[in-house]
Amino acid sequence: MKEVAALLNAMCDAGVVRDYALFGAVAQMRYTEPVATLDADVLVAVPEPERIDVLNTIYEFCRERGYAPEGEAIPVGAWPVQFVPVFSELTRDAVAAAEIVDFEGVPIRVVSASYLAVIALGVGRAKDFTRVLALMESGAVAPEAIAALAARHGLGDNWQRFARRFLDDRG
Amino acid sequence: MTEVERLFERQARWQRQRQALSWPEKIRLAERMRATAEAFRRQRLQRLAPAPPERSRPNGN
């Protein structure tokens with residue numbers, strides 16, 4: 001992960017991305033027990049988001065440094081890294097509000113617990129709901145904070161459905 | 001509380017301790033989990049792959 005952090009920071013310094021933040025399972029693990037995951041997911045804010053080949057400059061930057069893509073990811077050290085351009089106001093805000101975390105001496109930007117939970121709520125697969133529950137159980141984020149952020153980003157109904165399904169019947 | 005319930009409680013407490021590990025340590029654990037998952041996946045794919053066709057001998061035996 002240190003190698004991933006160094007690459008992402010270099011990418012930012014070179015202006016290939018305006019900003020970045022780890023999200024998904026790797027980011028979740030800051031707060032919860034370790035979880036099984038195959039990839040490291042990175043949200044990227046790119047200088048020209050309207051381009052069709054939006055990830056090309058990122059892939060080129062990686063290739064020049066010896067990281068060749070395999071399928072939809074770029075293996076960096078122990079981790080296949082998947083780059084996801086910010087795709088909504090929520091993900092843009094999540095990157096802007098990311099926390100800078102020290103990973104064994106290298107700074108890396110990571111999406112915070114409340115944004116992780118609301119992004120997961122928006123995606124809505126079973127494993128995303130598990131993430132929301134794990135983040136709440138760890139005490140990293142309160143239900144009220146998720147509800148407020150979800151409402152701000154038009155996901156109030158998603159939160160209501162989630163709460164009815166998973167929280168109302170808790171013993 | 002039954003003995004099994006006490007066991008579950010002890011196990012849950014032990015599992016929760018992993019939450020307190022440092023983030024880099026959790027990442028290393030996840031790397032090991034991933035390596036194991038990939039090994040299982042490779043084994044499964046090998047099992048599912050069709051066996052190479054046997055070559056028939058020239059004399060038909």
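Setting aside neighbours within four places in sequence, A:Val111 is in contact with A:Ala21, A:Leu22, A:Phe23, A:Ala27, A:Leu43, A:Ala94, A:Ala98 and A:Leu116, where contact means that two C-beta atoms, placed from the backbone, lie within 7 Å. The model is a predicted one, in which local features need pLDDT of at least 70, side-chain atom pairs count only at pLDDT 80 or more, and totals for chains, interfaces and linings use all residues. Residues are numbered from 1 along each chain as its sequence is written, while chains are lettered from A and ligands numbered from 1 in the order in which they are written.

A:Val111 is also among the residues with the most contacts inside the largest nonpolar core, which has 57 residues. Such a core is a set of buried Ala, Val, Leu, Ile, Met, Phe, Trp, Tyr and Cys residues joined through C-beta atoms within 7 Å, and buried means that 20 or more other C-beta atoms lie within 10 Å of a residue's own. Helix H5 of chain A (residues 113-123) gives this core its largest share, eight residues; helices are DSSP runs of H or I, at least four residues, numbered from the N terminus. Because domain 1 (2-111) and domain 2 (115-167) of chain A both contribute residues, the core lies between them; the domain bounds come from an automatic or database assignment.

Turning to the two chains, 13 residues of chain B are in contact with 16 residues of chain A. Helix H2 of chain B (residues 23-48) supplies the largest share of the chain B side, ten residues.

Technical notes. A residue is buried if 20 or more other C-beta atoms lie within 10 Å of its own, exposed if 12 or fewer, and partly exposed in between; C-beta atoms are placed from the backbone. Helices (H or I, at least four residues) and strands (E, at least two) are DSSP runs, numbered from the N terminus.
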